[in-house]
Amino acid sequence: MNMRPRGDHRPAPALKREWLRRLAREEYPALAYDDRDDCVAMWREEGVTCFQVAAAQGPADEVGNVILQRPETVRITAPRDTVTLVEQ
């Protein structure tokens, strides 16, 4: 797992693209999970299958990360599939 370094205010897609390039030196990821539309687009542009989980909605913090409340339903989307997981 990667965490944004303190003081790093780059847009999330740029940061995650850098992480991908570092990781790809050793092993290329088979898939990714992300909630942000811009990051999902970046993963897919880079050729990584990406499932979009709980599309980001809500207020953002000072870096632009969306602050999510715990959803009752989590929606995972793939290019041709939609799966809905409902907590019991």
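**Close-up 1. The largest nonpolar core of the predicted model.** The largest nonpolar core has nine residues, namely Ala12, Leu20, Ala32, Cys39, Val40, Met42, Trp43, Val48 and Cys50. A nonpolar core is here a set of buried Ala, Val, Leu, Ile, Met, Phe, Trp, Tyr and Cys residues joined through side-chain atoms within 4.5 Å, where buried means under 20% relative accessible area, exposed means over 50%, and partly exposed lies in between, with a 1.4 Å probe and protein chains only. Helix H1 (12–24) and helix H2 (37–45) each supply at least two residues of this core, and H2 gives the largest share, four residues. Helices (H or I, at least four residues) and strands (E, at least two) are DSSP runs numbered from the N terminus. In soluble globular proteins, nonpolar side chains tend to be buried together. This is a predicted model, in which local features need pLDDT of at least 70 and side-chain atom pairs count only at pLDDT 80 or more, while totals for chains, interfaces and linings use all residues. Residues are numbered from 1 along each chain as its sequence is written, and side-chain values use heavy atoms, with hydrogens and water left out.

Close-up 2. Trp43 lies in helix H2 and, at 12% relative accessibility, counts as buried. Leaving aside neighbours within four places in sequence, Trp43 is in contact (heavy atoms within 4.5 Å) with Lys16, Leu20, Ala32, Asp34, Val48 and Cys50. The C-alpha atoms of Trp43 and Leu31 are 8.6 Å apart in space, although these residues are twelve residues apart in sequence.

**Close-up 3. The packing of H1 against H2.** Two packed helices are described by the angle between their axes and the distance between the axes. For H1 and H2 the angle is about 35 degrees and the axes are 9 Å apart; axes are lines fitted to C-alpha atoms, for helices over the stretch in contact, and angles run from 0 to 180 degrees between N-to-C directions. H1 passes H2 in a right-handed crossing, a crossing being right-handed if the near helix is turned clockwise from the far one by less than a right angle, and left-handed if anticlockwise. The contact is made by Ala12, Pro13, Lys16, Arg17 and Leu20 from H1, and by Asp38, Cys39, Met42, Trp43 and Glu45 from H2. By class, this contact of H1 with H2 has six nonpolar, no polar and four charged residues, where Ala, Val, Leu, Ile, Met, Phe, Trp, Tyr, Cys and Pro count as nonpolar, Asp, Glu, Lys and Arg as charged, and the others, Gly among them, as polar.

**Close-up 4. Ala12 and Ala14 in the context of H1.** Not counting residues up to four places away in sequence, Ala12 touches Arg4, Arg36 and Cys39. Ala14 also has its place in helix H1, and it is partly exposed, with a relative accessible area of 35%. Ala14 and Met42 are 28 residues apart in sequence, and their C-alpha atoms are 8.6 Å apart in space.

**Close-up 5. The aromatic pair of Tyr33 and Phe51.** The structure holds one aromatic pair. The rings of Tyr33 and Phe51 have their centres 5.4 Å apart and their planes at 20 degrees, so the pair is stacked; rings of Phe, Tyr and Trp (its six-membered ring) pair if their centres lie within 6.5 Å, and planes under 30 degrees apart count as stacked, over 60 as edge-to-face and the rest as tilted. Because Tyr33 lies in strand E1 (residues 31–34) and Phe51 in strand E2 (residues 49–53), the pair ties together parts that are 18 residues apart in sequence. Tyr33 is exposed, with a relative accessible area of 54%, whereas Phe51 is partly exposed at 23%. Not counting residues up to four places away in sequence, Tyr33 touches Cys50, Phe51 and Val53, and the C-alpha atoms of Tyr33 and Cys50 are separated by 5.5 Å.

**Close-up 6. Tyr28 in the loop between H1 and E1.** Tyr28 lies in the loop between H1 and E1 and counts as partly exposed, at 42% relative accessibility. Leaving aside neighbours within four places in sequence, Tyr28 is in contact with Leu20, Glu46 and Val48. Tyr28 and Val48 are 20 residues apart in sequence and 8.6 Å apart in space, C-alpha to C-alpha.
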